[in-house]
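Hi,

Here is the structure I promised to pass on. Have a look at it first, and then read on for my notes.

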2 protein chains.
Amino acid sequence: MTQQMGSQSLQFAEAPFILSSASVVGKKEGEGPLGKSFDMVCSSDKFGEDSWEESESTMQKEAAALAMGKASLKPEDIRYIFAGDLLGQTIATSFGLMNYEIPLFGLYGACSTCGEALSLGAMCVAAGYADHVLALTSSHFASAEKQFRFPVEYANQRPLSATWTVTGSGAFVLGNSGGKSKITGITTGVITDYGIRDSMNMGAAMAPAAAKLIVQNFKDFGRTPKDYDKIITGDLGYVGQEILWKLVKDEGYDISGNHMDCGIEIFDQKTQGTQSGGSGCGCSATTLSAHFLPQVEDGTLKRILFVPTGAMLSQVSFNEGQNVPGTAHGVIIEHACQKAEA
Amino acid sequence: MTQQMGSQSLQFAEAPFILSSASVVGKKEGEGPLGKSFDMVCSSDKFGEDSWEESESTMQKEAAALAMGKASLKPEDIRYIFAGDLLGQTIATSFGLMNYEIPLFGLYGACSTCGEALSLGAMCVAAGYADHVLALTSSHFASAEKQFRFPVEYANQRPLSATWTVTGSGAFVLGNSGGKSKITGITTGVITDYGIRDSMNMGAAMAPAAAKLIVQNFKDFGRTPKDYDKIITGDLGYVGQEILWKLVKDEGYDISGNHMDCGIEIFDQKTQGTQSGGSGCGCSATTLSAHFLPQVEDGTLKRILFVPTGAMLSQVSFNEGQNVPGTAHGVIIEHACQKAEA
């Protein structure tokens, strides 16, 4: 029986497996430090489409196809999709996944959506509601700039705290048997408002939510930082990382030794002009798929806490002078010992 | 054990109960045929706030408070919220529910979100992941007009196929024991594109998705229209209803005798100038809470199929010439025989 742990967590009795995953990214991501690890790098960010939104949809479609293919599954084998993106009314998802004709639960958790999708997908498989589900997210630099910062002011200087929205989509097939990694627990985030109002400093806006989530995870499971080989946030960047370490330390835990951030890993700050790091739903999803998950699958990492973070703003809320609250969703992923295949 | 039924449905072995619900609406809804049934009617649509988005957030906050109060529960008794709204980046939800500090799964299913929230909430309770969850949605006429049709062209004539976005929020507390109604099954929708491009005819855009969902529900559960006292769609309106009946009839089922639509019920077409009917996440949520659920609770209706419908468009996708695909989520709600209270 799956157990409710503490106030915000679940521990799965029969942990759902991650059967396969796939990452599809744009040109700049392909030129970054993880470039060779992604499944597909597009030489233009258009992915053969006419608009940025359609390009993002196409990335989702490709990521889903690749992930299903790797697991030797067809669309009709997938019972539910849990997916979302950053665009208003999540159109990248609706239009990208429509043709698969798979029952879809549309999600919005800003850049934390990958954690939300993996959480709900795992809950669904663990309860026996589905044999296979697909958890999927995306972001696209150009569609996000248009969504959040239109008109794009090319002449503007980007402050050092700014992040660069990753053009990428990551897809994960979850199932009840057979994978090399499994989701053993989740910690679900609350929205946390520290009064940040600077939309060019998303790291600072999300770090308090990440800190709260990580500390809550420790408490709910009776663990300390040492119980995780890595604690991996989504897109706090260099600026957010510093704040995170301090906030978690204030609660009595030191995660500076084993914390990593997908936004820091995906770009080379020195040569790529990405300032604080990468961001977007696609940042954590593609970095998990291409970089961290293989290390869990081969046993290099035994147990990680994956914590995608999200900033809950819109152009409207920002222009109306609202704060930028943050959220985070924690997913515990562990190496699964492989039984001999038949 | 909960059973996977057919290709898109679940039947809950231990059906989660709807312990309580609440509806909060604006002035026009209060003047409509269901006016006296809503829990709270605001004399202005501002709900004491400065912006339309904050007004919508406040509606959500009030609906949540009322629903929890009716179930004699406090925020700390609720393990998860499943919620969403129509605004870009679902800001009505993020800002509205933030202060409750309850783990939140943010959803986007356009006007079908009430069905999506009830489905995921029911799945969560039925699996033992939570003792109590809150499922909640909202829409607001003014924030929706600003989101989808800005600048609002007051001098425009509204075509007869246009719907009027309901200003309202409906909240539902689900739990594992004690309610007068229960969710016995769900049918989850796929996105369906019939090539509709008229954003002033949402009923036509959503009717095919509703038809597909309803027919799939019949097939998955081996049922016919007669097995439901009422089949209640969210916001197809008069125009969409006609299309729905025809499409379902083409599949061999006649639902004209027991179909109702929340968008038709909530306004008086003749006196309120609402053309085809009401629409929005708040339409189905408040009408279910105020009008239909009480009839299930007192046994007047033994079993209903509740099918909120959504149009998956954004201002961007529409302006880029995309079609308006639809979706729908089906929730089977049945009268629960009350045991004598201790």
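A question to begin with: are A:K246 and A:D250 buried or exposed? Both residues are exposed. Please keep in mind that this is a predicted model. The side chains of A:K246 and A:D250 form a salt bridge, with 3.0 Å from N to O. They sit four residues apart in helix α7 (residues 237–250) of chain A, so about one helical turn separates them. In chain B, B:K246 is in a salt bridge with B:D250, the closest N and O atoms lying 3.0 Å apart. Over all chains, the count of salt bridges comes to 12.

Now to the interface. Chain A and chain B each bring 63 residues to the contact. Between them they bury about 5000 Å², 60% of it on carbon and sulfur atoms. On the chain A side, A:R79, A:Q89 and A:Y129 lose the most area to chain B, together 16% of what that side buries.

Two salt bridges cross this interface, along with 26 residue pairs in polar contact. Helix α4 (residues 113–126) of chain A gives the most to its side, with six residues. That side divides into 31 nonpolar, 22 polar and 10 charged residues.

One salt bridge pairs B:K146 with A:E320 at 2.8 Å, N to O. B:K146 belongs to helix α5 (residues 141–149) of chain B and A:E320 to the loop between α11 (315–319) and β16 (326–328) of chain A, so the pair joins two chains. B:K146 is partly exposed, at 27% relative accessible area, and A:E320 is partly exposed too, at 29%. Finally, A:E53, A:K146 and B:E320 are joined into one network by salt bridges that share partners.

Best wishes

Methods
Residues numbered from 1 in each chain as written. Chains lettered and ligands numbered in written order. Predicted model: local features only at pLDDT ≥ 70, side-chain atom pairs only at ≥ 80, totals over all residues. Heavy atoms only, no water. Contact = heavy atoms within 4.5 Å. Buried area = accessible area lost by both parts, 1.4 Å probe. Salt bridge = Lys/Arg side-chain N within 4 Å of Asp/Glu carboxyl O. Polar contact = N/O pair within 3.5 Å; in protein donor to acceptor, adjacent residues only side chain to side chain. Nonpolar A, V, L, I, M, F, W, Y, C, P; charged D, E, K, R; others polar. Buried < 20%, exposed > 50% of the residue type's maximum accessible area, 1.4 Å probe, protein only.
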